[in-house]
Amino acid sequence: MKTCIANGTIVTDEAEFVGDILIDGETIAAVGKGLSSLADQVVDATGMFVLPGGVDEHTHYGSFGGLLFDTTAAAAVGGTTTIVDFAPQARGETLADAVEKHARLAKGVCCVDYAFHSMVMDAAADLPAQIAQLPRHGVSAVKIFMAYKGTPYYMEDEKLIEAMMAARNTGVTMMVHAENPDIITVETRLLLAEGRTDPINHYFARPPIAEAEGTRHAIRLAKFADCPLMVMHVTVKEAMEAVRDAFDQGQPVFGETCTHYLTLDTSYLAKPNFEGAKYVCSPPLRPKEHGKALWEAVAKGWLTAVSSDHCAVAGGFAAKKRGMGDFSKIPNGCPGVQERMGMLWAQGVMKGRISRQKFVELTATAPARNVGLEKKGQLTPGFDADIVLYDPSYQGTFTVADSLAGLDYIAYEGFPMAGRPDKVFLRGRLIAEKGRYVAPAGLGVRLRAKPYARAYEAFSPHAEEYTF
Ligand code: DUC
Ligand code: ZN
Ligand code: ZN
């Protein structure tokens, strides 16, 4: 069966032009003009922007208390056709077993295609060997937590260095959650001792300097270990600058940021009636000036992708209220997979902060490249026919009433929409239309991410052997 998406404005990470996309089965067969006559059916895309389906390189379905894959229709209606989800590790479990267990939860349930990252939540003595196994399980990246001291997530430098060396030797991308754990521990203790228990104190306990220090620290360790590095959820100007400057000096260091750090700020944590708890995530929301620096960074390519860090904490607002009386007990997590692309379009493209090409790069092309997903993120013959017809004329507001994420709130309530995905195709099949999910659940398939992905592209551990 051949389908032609005709007469839309096709937007890639480099250009845009009015034309057609011919889909043959699940794959893009051709991009050009006058392709309708080759198709069995034609979808008129006049007036639409035709975008690659979004790739969200950072989601938490089931980790950090997040709801599971039965809530992934939210991704589809928001224009995201691939998620890369963190597989949580149970105590005593190997990283590979954790990935395979997580894959069983997604199979036949997930509404969009999915790949996995590993995350170390219980570092065993053989962690380096476990990391080396990951590419065989289709996993190209592992995340290490420098924060969360006192929990099994936390990793001390000695282990982190060994993990970096193992990752480097096997082409696994080392991802870090970079916040100085001791600053957080001390600040949390001081704040609670003063009786400061409200959600806003989550920010004061994790000040910008904690992230700046953690980021610089991670970059130095990576330099020592000769390991490419991906700094996740960069939220502060100084951390972003550390990533940018290390890269400029020739170190393979990359970073991403997330929708909420670009569009929300610390004032949301101060909302009355404990509403601020809905916005508790780590690192925390930052004062506005950091958001400004992050917009500049994504526009200029100093940060490579915008993910949602989607974590829809099960139980919604009631679950967040477990932290009443002690902000440090508020479950961490901010939902956003559904709104990621629409918010970035409305707040980024429509406000002139990024171009449409940059939008495509940040939401689809670059994350696919970061993760090593070879057939995703581009409107190119041979790639999967994951395609969004984006209707720029639609006007509305983001509201929980339209959310498929399974919570009683969203993070972007009341924000204006500037258009929305009118039709979303997953491997050639229509799965969402005008905010509704229109396909049987569970059509997503598991993707294998290739090692030696983006962070390794300019990196040869044996470069000196080739100098003359
Ligand atoms: N880090 C994340 O990336 N997401 C949720 C919480 C965290 O610490
Ligand atoms: Zn993190
Ligand atoms: Zn996360």
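Figure 1. The donor residues of the zinc ion (ligand 2) follow the sequence spacing K-x33-H-x55-H. In this predicted model, the protein donors are Lys143 through NZ, His177 through ND1 and His233 through NE2, lying 2.1 Å from the zinc ion (ligand 2).

Figure 2. His58 (NE2), His60 (NE2) and Asp309 (OD) coordinate the zinc ion (ligand 3) at 1.9 to 2.1 Å. Along the sequence, these donor residues are arranged as H-x1-H-x248-D. Both histidine 58 and histidine 60 are buried.

**Figure 3. Salt bridge between lysine 358 and glutamate 361 in helix H13.** A salt bridge joins the side chains of lysine 358 and glutamate 361, with an N to O distance of 3.3 Å. The two residues are three residues apart in helix H13 (residues 356-371), so about one helical turn separates them. Lysine 358 counts as buried because its relative accessibility is 13%. Glutamate 361, at 22% relative accessibility, counts as partly exposed. In total, the structure holds 27 salt bridges.

**Figure 4. Salt-bridge network including lysine 376 and aspartate 384.** Salt bridges link Glu26, Asp113, Lys376, Asp384, Asp386 and Arg427 in a network. Within this group, the side chains of lysine 376 and aspartate 384 meet in a salt bridge of 2.8 Å, N to O. Lysine 376 and aspartate 384 are both buried.

**Figure 5. Salt bridge between the sequence neighbours aspartate 422 and lysine 423.** The side chains of aspartate 422 and lysine 423 form a salt bridge with an N to O distance of 3.3 Å. Aspartate 422 is buried, since its relative accessible area is 4%. Lysine 423 has a relative accessible area of 18% and is buried because this value is under the 20% cut-off.

Figure 6. Glu156, Asp157, Glu158 and Glu162 gather on the surface in a patch of negative charge. One of these residues, glutamate 162, is located in helix H4 (residues 157-170). Its relative accessibility is 39%, so glutamate 162 counts as partly exposed.

**Figure 7. The loop between helices H9 and H10.** A cis peptide bond, with omega of about -5 degrees, joins serine 282 and proline 283. Proline 283 lies in the loop between helix H9 (259-263) and helix H10 (288-300). Asparagine 273 is also placed in the loop between H9 and H10. Although asparagine 273 is not a glycine, its phi is positive, at about 60 degrees. Asparagine 273 counts as exposed because its relative accessibility is 70%.

**Figure 8. Positive phi at lysine 434.** Lysine 434, a residue other than glycine, has a positive phi near 50 degrees. Lysine 434 occupies the loop between strand S16 (429-433) and strand S17 (436-437). With 41% relative accessibility, lysine 434 counts as partly exposed.

**Figure 9. Separation of glutamine 133 and aspartate 265.** Glutamine 133 is placed in helix H3 (residues 127-133). Glutamine 133 has a relative accessibility of 32% and therefore counts as partly exposed. In sequence, glutamine 133 and aspartate 265 are 132 residues apart. In space, the C-alpha to C-alpha distance between glutamine 133 and aspartate 265 is 39 Å.

Methods. Residues are numbered from 1 along each chain as its sequence is written. Chains are lettered from A and ligands numbered from 1 in the order in which they are written. This is a predicted model: local features need pLDDT of at least 70, side-chain atom pairs count only at pLDDT 80 or more; totals for chains, interfaces and linings use all residues. Side-chain values use heavy atoms; hydrogens and water are left out. Patches are made of residues with over 30% relative accessible area and no salt bridge: like charges are joined within 9 Å, nonpolar side chains (Val, Leu, Ile, Met, Phe, Trp, Tyr) within 5 Å. Accessible areas come from the Shrake-Rupley method with a 1.4 Å probe; for residues, only the protein chains shown count as cover. A salt bridge is a side-chain nitrogen of Lys or Arg within 4 Å of a carboxyl oxygen of Asp or Glu. Lys and Arg count as positive and Asp and Glu as negative; His and the chain ends are not counted. The place of a charge is taken as NZ of Lys, CZ of Arg, CG of Asp or CD of Glu. Helices (H or I, at least four residues) and strands (E, at least two) are DSSP runs, numbered from the N terminus. Buried means under 20% relative accessible area, exposed over 50%, partly exposed in between (1.4 Å probe, protein chains only). Donors are N, O and S atoms within 2.8 Å of the metal (3.2 Å for Na, K and Ca); water is not among the atoms, so sites may look incomplete.
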